[in-house]
Structure formats: structure tokens, C-alpha cells
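Have the sequence and the structure open while you read.

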Amino acid sequence: MKKAIIGISSNQESQFDGWFTNHIITYVKSEAIEAVIQAEGLPLVIPVTNEEKLLDYYLENIDGLIITGGHDVYPMLYGEYIQEKCGELYPKTDYYDIYLIRKAIEKKIPTIVICRGMQVANVAFGGTLYQDLQACLHTDIKHHAPQEGNINVHSLKIEDNDSIFSTLTGLKNQIFVNSIHHQGIDKLADIFKIVGKSEDGLIEIIELKSNDQFFVGIQFHPEILAVYDQKAMLNLFRGMIYYIEKGRDLTSD
Ligand SMILES: [Mn+2]
């Protein structure tokens with residue numbers, strides 16, 4: 001049986017020391033790849049490029065897409081100047097992610113956008129971001145807990161128990177999640193609906209208002225929780241692959 005090919009977006013970073021000093025490294029967090037493998041999909045890392053024809057070729061050949069985390073989104077893309085607490089920017093990945101997300105939704109490719117992936121999806125459709133949660137939202141919740149990536153550090157209220165997220169994970173009402181972010185969604189783009197919020201009101205799970213395609217946006221990191229043995233989160237990735245396979249004629253492979 002042919003496996004579902006899941007495109008995984010990558011990131012780039014300039015190296016200032018070590019073996020690759022003065023080189024640019026392309027990377028993906030291993031848990032995103034591992035979650036797809038555990039869900040029995042075939043991960044295909046998509047290189048960072050602004051060559052639209054090349055990205056189109058990837059989009060033609062993938063069955064599903066995962067947009068992973070990375071740098072902060074360039075504030076000019078949502079009409080703001082850079083504020084003091086804004087983090088490191090890398091505009092090349094902004095254009096790359098926005099191109100992939102817009103095309104994936106247009107082509108109805110099943111898509112999960114994670115962390116910065118959800119933020120950049122919101123920007124791609126006209127939404128805005130908090131450049132720094134402590135500075136903008138004055139929250140007491142520990143959203144930036146990078147040392148505890150495999151631990152659930154704050155709660156979320158699920159506002160839509162019939163969402164794709166709740167249906168696939170079985171998680172409803174109140175859940176606990178990890179948190180490795182300092183930015184977040186401010187104004188939500190019109191095409192999305194809120195599925196889950198943290199106690200301070202920050203949007204942490206979104207889906208499309210139109211229910212005719214598979215799209216889930218998540219501010220926390222289900223791929224890390226999935227590989228740290230949280231079955232419910234692995235079921236999100238399994239569910240995407242099941243959704244893809246159900247729609248394909250598997251007997252022809
Ligand atoms: Mn959070």
C-alpha cells in the first residue's frame with residue numbers, strides 16, 4: 001500500500017560558530033518528522049525556497065502538509081512596525097510559508113499548521129499578531145516554556161467540541177498543553193474560527209469556518225507531545241492520514 005506523502009515545511013538559520021560558520025543551515029524539528037512516521041505517513045521535507053514553480057511541484061506531489069514553527073513573522077506583513085520585544089525575523093520563510101499555506105487551502109490539501117505555522121497562516125489571510133505576549137497581553141500564563149516542551153504547562157478551554165481537533169483527539173472541554181511561544185494571534189483572520197483558547201483569552205487552536213476541508217491550526221506543539229507518548233495528540237496526525245487515505249483509491253496502488 002502506498003503511504004500518504006506529508007510535506008513538512010523547513011526553516012533556515014545562519015550559523016555564526018561551529019562546523020558550518022558563515023553557512024545557512026536548513027532544518028526541521030525532528031518531532032514533526034517522527035510524528036508523521038509514527039502516524040504511518042511518509043514525511044517529505046520541503047526546502048526553503050521562494051521559487052514558486054518548485055513549491056508548486058511539491059504541492060502537486062504531497063497528500064498532506066504540516067507547517068512547523070520558526071522565527072517571528074515580519075510585522076510589516078500585518079501592517080505594523082517592529083516593536084522592541086519582537087524576536088528574530090527571517091522574511092524568506094515568511095513568503096515560503098505564506099505561499100504554501102495559501103496554495104494548500106486553495107487546493108484543499110489536508111493541512112496542520114503548528115506554532116509559528118498558525119501565526120503565519122493567520123497573517124496570510126489578513127489577521128494580526130501580538131509581537132510579544134508579555135508586552136501586549138500582560139498575561140501571567142507561562143507561554144514561553146522551551147525547557148518543558150514535553151510537559152503540559154497550561155490549560156486550554158475547547159470552545160468547539162465538534163471540531164476536527166476534538167473529533168480526532170477525543171479531547172474536549174478543558175485540556176492541558178505544552179507552550180513554546182512568545183507571540184500569538186491578536187486579530188483572527190475572517191476565514192478562521194476559534195476552537196480553543198487559554199485562560200488569558202489567547203487563541204491556541206483554530207480551524208476554517210467552512211467545514212469542507214481538513215485544516216487545523218495549533219499554537220502549542222502536538223508533534224512533541226505525540227512522540228512523548230500522548231496518544232491523543234498522535235491521533236491528530238493519524239487522523240489526517242486516515243482522512244487522506246479514505247479519499248484515495250488504495251486498490252489502484
Ligand atoms: Mn501557550
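Searching the whole structure turns up four aromatic pairs. Rings of Phe, Tyr and Trp (its six-membered ring) pair if their centres lie within 6.5 Å; planes under 30 degrees apart count as stacked, over 60 as edge-to-face and the rest as tilted. Keep in mind that this is a predicted model, where local features need pLDDT of at least 70, side-chain atom pairs count only at pLDDT 80 or more, and totals for chains, interfaces and linings use all residues. Residues are numbered from 1 along each chain as its sequence is written, and side-chain values use heavy atoms, with hydrogens and water left out.

Start with F125 and F192: their planes sit at 90° with ring centres 5.9 Å apart, so this pair is edge-to-face. Because F125 is in the loop between α4 (116–124) and β7 (129–130) while F192 is in strand β11 (residues 192–198), the pair ties together parts 67 residues apart in sequence. Helices (H or I, at least four residues) and strands (E, at least two) are DSSP runs, numbered from the N terminus.

F192 also pairs with F215, and this one is stacked, at 5.3 Å centre to centre and 25° between the planes. F215 belongs to strand β13 (residues 215–218), 23 residues from F192.

How open is each ring's residue? Buried means under 20% relative accessible area, exposed over 50%, partly exposed in between (1.4 Å probe, protein chains only).

| Residue | Relative accessible area | Class |
|---|---|---|
| F125 | 27% | partly exposed |
| F192 | 2% | buried |
| F215 | 1% | buried |

Put together, ring pairs join F125, F192 and F215 into a cluster.
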